[in-house]
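Work through the exercises below with the sequence and the model at hand. Try each task before reading its solution.

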Amino acid sequence: MTARPRIFQIGFNRCGTTSLHAFFVKNGIPSIHWDRGRIGIAFWRRMAAREDPFLDYPNVVAFTDMMYIAERMIVEPYKHLDYILQFYPDGLFILNVRDREKWIASREHHVIPMQERYSAAFGIAPGDVVAYWREEWDRHLRYVQAMLGGSDRLLVFDIEKDDPNKLTDFLAPHFGPLDPPHYGWHHPRAEPQSYSIS
């Protein structure tokens with residue numbers, strides 16, 4: 001049997017990442033979500049060494065919410081799609097989206113002080129972070145379309161509008177029949193990260 005492709009969620013956090021992770025797990029697809037920032041740390045180190053960025057997770061098929069958010073450093077693996085594609089050209093990529101302003105509101109109310117951390121990490125004035133997020137959102141969607149637009153390996157999934165069957169139909173050729181009702185809405189409260197990169 002041909003090895004199953006890896007699945008990468010490449011949209012922003014606060015866009016149903018936990019719901020996607022739960023869907024994978026309930027359908028028997030080995031998945032990892034956030035891992036308290038360790039996915040992002042491992043990605044950063046492997047990329048710096050020009051190595052497979054997911055070498056530290058040999059048994060994982062699906063990756064969701066790969067971010068690392070520290071007080072003065074943020075790692076966002078989904079923004080390095082070009083690097084991921086070097087190692088996983090046959091991967092499956094899910095660009096999870098929602099209404100942009102609702103996404104911003106969700107980030108503003110996150111238990112992790114995301115505005116403060118983006119300000120510190122990128123040298124953005126606190127009052128300019130929301131504007132930066134709007135530009136970042138539009139820029140990232142253009143980037144993904146430039147890299148994978150038109151490919152049958154990309155699914156753009158609107159978590160507020162799309163039927164779960166769109167998700168199962170996308171994965172079925174590689175994973176067989178999946179159960180759409182396993183996709184639901186989850187609202188976990190994330191814990192602040194305390195890891196450092198050295």
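**Exercise 1.** How many bridges join strand S1 (residues 7-9) to strand S6 (residues 92-97), and do the two run parallel or antiparallel?

*Solution.* The model is a predicted one. Step 1: find S1 at residues 7-9 and S6 at residues 92-97. Step 2: count the bridges that join S1 to S6, which gives 3. Step 3: compare the directions of S1 and S6; they run parallel. Step 4: take Phe-8 as an example; its bridge partner in S6 is Phe-93.

**Exercise 2.** State the order of the 5 strands in the open sheet, and name the edge strands.

*Solution.* Step 1: the order is S2-S3-S1-S6-S7, with parallel pairing. Step 2: an edge strand pairs on one side only, and this holds for strand S2 (31-33) and strand S7 (154-158). Step 3: from one strand to the next, the twist averages 15°.

**Exercise 3.** Describe the largest nonpolar core and the surroundings of Leu-171.

*Solution.* Step 1: this core has 58 residues, and Ile-7 and Leu-171 have the most contacts inside it. Step 2: helix H6 (residues 129-148) gives the most to the core, with 7 residues. Step 3: leaving out residues up to four places away in sequence, Leu-171 touches Ile-7, Phe-23, Phe-24, Leu-92, Gly-176 and Leu-178.

How values were computed: Residues numbered from 1 in each chain as written. Predicted model: local features only at pLDDT ≥ 70, side-chain atom pairs only at ≥ 80, totals over all residues. Heavy atoms only, no water. Core = buried A, V, L, I, M, F, W, Y, C linked by side-chain atoms within 4.5 Å. Buried < 20%, exposed > 50% of the residue type's maximum accessible area, 1.4 Å probe, protein only. Helix = DSSP H or I, 4+ residues; strand = E, 2+ residues; numbered from the N terminus. Contact = heavy atoms within 4.5 Å. Pairing = 2+ DSSP bridges. Axes fitted to C-alpha atoms, helices over the stretch in contact; angles between N-to-C directions.
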